[in-house]
Amino acid sequence: MEPAAFNQEFLSEYAANVDEMFARCVQNAPNFAVTDVRFKASVNKSLLRFAAATPSPPTREEVLEFLSLLQADDLFIALACADGNERAWWEFDQNYRGYLERLARHLAKTDVDAQDVIDCVYVELYGTRFVDGERVSKFATYSGRGSLRGWLRTVIWHTLVDLHRASHDDVSLDEMTENAGEGAVHASFANQVSAGDSEAVEQIARDRYRTATSRSIEAAFSGLEDHEKLLLLYYHVEQLKLREIARLVENEESPLRRWFQRKVQSRSDNATGRIHESTVMRWLDKSYAKVLQLFRSELESTHDLTVAEIEICMGLVTEDLGGRDLFQNLTVG
Amino acid sequence: MDNTKRSSIEEQKIQSLLEAFLLSRKSLKSSAAETSFHVDEDFLSAFTEGNLSQRESMPIVSHLATCGFCRHKTAELVRLDVAFRSDEENTRTVPSAEPHRISDVLSGLLAKIFGNADGAVFAHSEKESGDDDSKDVGGSASAEVKENNEQE
């Protein structure tokens, strides 16, 4: 079946569900003047994107779950604001301005006025750019997958980053997460000068164990599932606190939560309700245990180290972490 | 040294080693996955709220595990969310008063766009003849406001 024909058939299967969503939204906000054509176009676009997320088509249950997760009322007001509806803008301002102002004051530093941020956000949301005679509002990019408040947090954060970048010559966010610190990593490496033959031999042995250690930890991390990697990266690299990770997985439908609750089956795990920090720590501990197992296995199988040599590597871990020269030859895998 | 204690010490060591490895990895040049594609704001905010289905979230999780740029954004959003936790639980109230004919919201907004009060007044005034083909913000905004006025 041609993709266009498949899409039409797919959408028509759920047309009644979308109609029902629209009817509820109109009942809740009758003055927003959002047409059914407009609403359905937005939802159908999201539906098709959802269907295309993986090669196999979604099941009916998956589609119904997707539709149930859509924040329909938030989408409705966003569409109305994108159209310039006065009533919608008035309600948006009443319900969200205070929140945006508090966010802006929390994020903005002294050189970027919080009010400037709000003004920029409002102008962007309203839209001053025209394409083919139509005003382009930022609201048009909101699809209703997450809450409008959550989406606004993203918008205001981005606006602040852009304003800050424009007013400073500091390292940009892109550079912060890419190349910054590369020189520092290499600069921290200190050449070890050998004072004699026996020490040279010992140094060669230690270098061999160091190389095996660094490559094995790299391989061990690569051997983890993506959810495990992400949890470890959030904790160690992004430095999220346990309660912040717990917040990330608070929603029962959270993909990270569902994955870990399936993998780390425990009677004390709360299948519903808030996730405790101790639960997140337990997930981390399980991940560390897996890394340790993979690490040891890698040292033994790939680097042919004996049990005694593996213990030497474990001992070197404590010694070498201060200088951080262990990963001088690391490559991105 | 019993096995439990030894295991605990080993896990502490591996935790330290893992952290050093991940922090070193972060400072290296980004991989192709980081630079060629980034997740849009809509998906990122939905992910941090746990509102993506299992089907949609799998490729996102895989991407976040390799893209420091997008992952950092989600981390910042989570921090913001925790900082403003109480706002999420406030009940939204819809004020009962009807908006004015020319709302304060749009007036203030258009004043900011046009830069002065006169510009805002111009935008709110009835469109004069001969301005139909104007594609600039002022012309289109005045047409839009006129349309809104006609609808009332």
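User: Which residues in H12(A) are buried?
Analyst: In this predicted model, the buried ones in H12(A) are A:His227, A:Glu228, A:Lys229, A:Leu230, A:Leu231, A:Leu232, A:Leu233, A:Tyr234 and A:Tyr235. Buried means that 20 or more other C-beta atoms lie within 10 Å of a residue's own, exposed means 12 or fewer, and partly exposed is in between, with C-beta atoms placed from the backbone. Helices (H or I, at least four residues) are DSSP runs numbered from the N terminus.

User: OK, so what does that say about helix H12 of chain A?
Analyst: Helix H12 (residues 226–236) of chain A has 9 of its 11 residues buried, so it is largely enclosed by the rest of the structure.

User: How's the numbering done?
Analyst: Residues count from 1 along each chain as its sequence is written, while chains are lettered from A and ligands numbered from 1 in the order in which they are written. As this is a predicted model, local features need pLDDT of at least 70, side-chain atom pairs count only at pLDDT 80 or more, and totals for chains, interfaces and linings use all residues.

User: Where is confidence lowest in chain A?
Analyst: In helix H10 (residues 182–187) of chain A, with a mean pLDDT of 36; pLDDT is the predictor's confidence in each residue, from 0 to 100. Helix H5 (residues 72–82) of chain A is highest, at 96. Chain A averages 82.

User: And what does chain B average?
Analyst: Chain B averages a pLDDT of 67, and 45% of its residues score at least 70. Over residues 117–152 of chain B, pLDDT stays under 50. Where pLDDT is low, the predicted coordinates should not be read in detail.

User: How many helices and strands does chain B have?
Analyst: Chain B has 9 helices and 0 strands; strands are DSSP runs of E, at least two residues. Of its 152 residues, 32% count as buried.

User: Switching topic: how do H2 and H3 of chain A cross?
Analyst: The axes of helix H2 (residues 15–28) of chain A and helix H3 (residues 36–51) of chain A come within 10 Å and cross at roughly 125°. Axes are lines fitted to C-alpha atoms, for helices over the stretch in contact, and angles run from 0 to 180 degrees between N-to-C directions. That makes H2(A) oblique to H3(A), since angles under 35 degrees count as roughly parallel, over 145 as roughly antiparallel, 65 to 115 as roughly perpendicular and the rest as oblique.

User: Which residues meet there?
Analyst: A:Val18, A:Met21, A:Phe22 and A:Cys25 in H2(A) meet A:Asp36, A:Phe39, A:Lys40 and A:Val43 in H3(A). Contact means C-beta atoms, placed from the backbone, within 7 Å.

Definitions and conventions:
Two residues are in contact if their C-beta atoms, placed from the backbone, lie within 7 Å.
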